[in-house]
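Here is a friendly briefing to read alongside the model. Please keep the sequence and the 3D view open as you go.

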Amino acid sequence: MAFFNKLGNLARSVSDKTGDMLEISKLNAQIRSNEDDIEELKLKLGDYIWTKFDSGVIMDEKATELCMAIRNLCLEIAADQGAIDSIKSAQEAARYQSEMEAEARSEMRAQSAELLSEVQNFASPSAPAYAFCPLCGEPVSDGSRFCGNCGTKLF
């Protein structure tokens, strides 16, 4: 019978410890929830104080000091954002310049190709042969491939 009494006492002890652990877990969860609520309220308090300061309400020295630090950081952020905008603007201008240059090169290539085509059409085999060498100016006969005087290749 003593064995069963010890077993019962052990079961009650384990049950009590389990109950205590559950209670501690519940209390820890409540503590964490309250700490989260405190952080949220601190943020709201900070927003409230900032709004008052920003609207011109005179604060105590510490609150004013903290608010001025916030204002200075806001000015730094604005300056940094301006620098970012300048860099992006310069990049955009360079990209635009590059596109314009590429477009101009493309247009020049098209005009060069058109001019080359006109020159080739003008100097095509169906056109009359050279009457004079383009280099030395000596007369050449029809069908000649080279100038008889200077050796320049004729087209």
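For the charge count, Lys and Arg are positive and Asp and Glu are negative, while His and the chain ends are not counted; the place of a charge is NZ of Lys, CZ of Arg, CG of Asp or CD of Glu. On that basis the protein chain carries 16 positive and 25 negative side chains, with the centres of the two sets 12 Å apart.

This is a predicted model, in which local features need pLDDT of at least 70 and side-chain atom pairs count only at pLDDT 80 or more, while totals for chains, interfaces and linings use all residues. Residues are numbered from 1 along each chain as its sequence is written, and side-chain values use heavy atoms, with hydrogens and water left out.

**Overall form**

- The protein chain has two helices and zero strands, taken as DSSP runs numbered from the N terminus (helices are H or I, at least four residues; strands are E, at least two).
- The protein chain is more spread out than a compact globule, because its radius of gyration is 47 Å, well over the 15 Å that the globule rule gives for 155 residues. That radius is taken over C-alpha atoms, and the rule is 2.2 Å times the number of residues to the power 0.38.
- Along the principal axes, the C-alpha atoms fill a box of roughly 140 × 70 × 25 Å.

**Surface and contacts**

- Of the 155 residues in the protein chain, 6% are buried (under 20% relative accessible area; exposed is over 50%, partly exposed in between; 1.4 Å probe, protein chains only).
- The protein chain exposes about 13300 Å², and carbon and sulfur atoms supply 60% of that area (Shrake-Rupley method, 1.4 Å probe; for residues, only the protein chains shown count as cover).
- Counting contacts (heavy atoms within 4.5 Å) between residues at least 6 apart in sequence, 4% join residues at least 24 apart.

**Helix α2**

- Leu116 belongs to helix α2, which covers residues 61–122, and Leu116 is partly exposed at 47% relative accessible area.
- Leu116 and Ile31 are 85 residues apart in sequence, and their C-alpha atoms are 86 Å apart in space.
- Cys67 also lies in helix α2 and is buried, with 4% relative accessibility.
- Leaving out residues up to four places away in sequence, Cys67 touches Ile49, Trp50 and Phe53.

**Cysteines**

- With a disulfide defined as a pair of cysteine sulfur atoms within 2.5 Å, the count is zero.
- The sulfur of Cys67 is too far for a bond, because the closest cysteine sulfur, in Cys74, is 10 Å away.
- Cys133 is buried at 4% relative accessible area, and its sulfur is 3.6 Å from the closest cysteine sulfur, in Cys150, which is too far for a bond.
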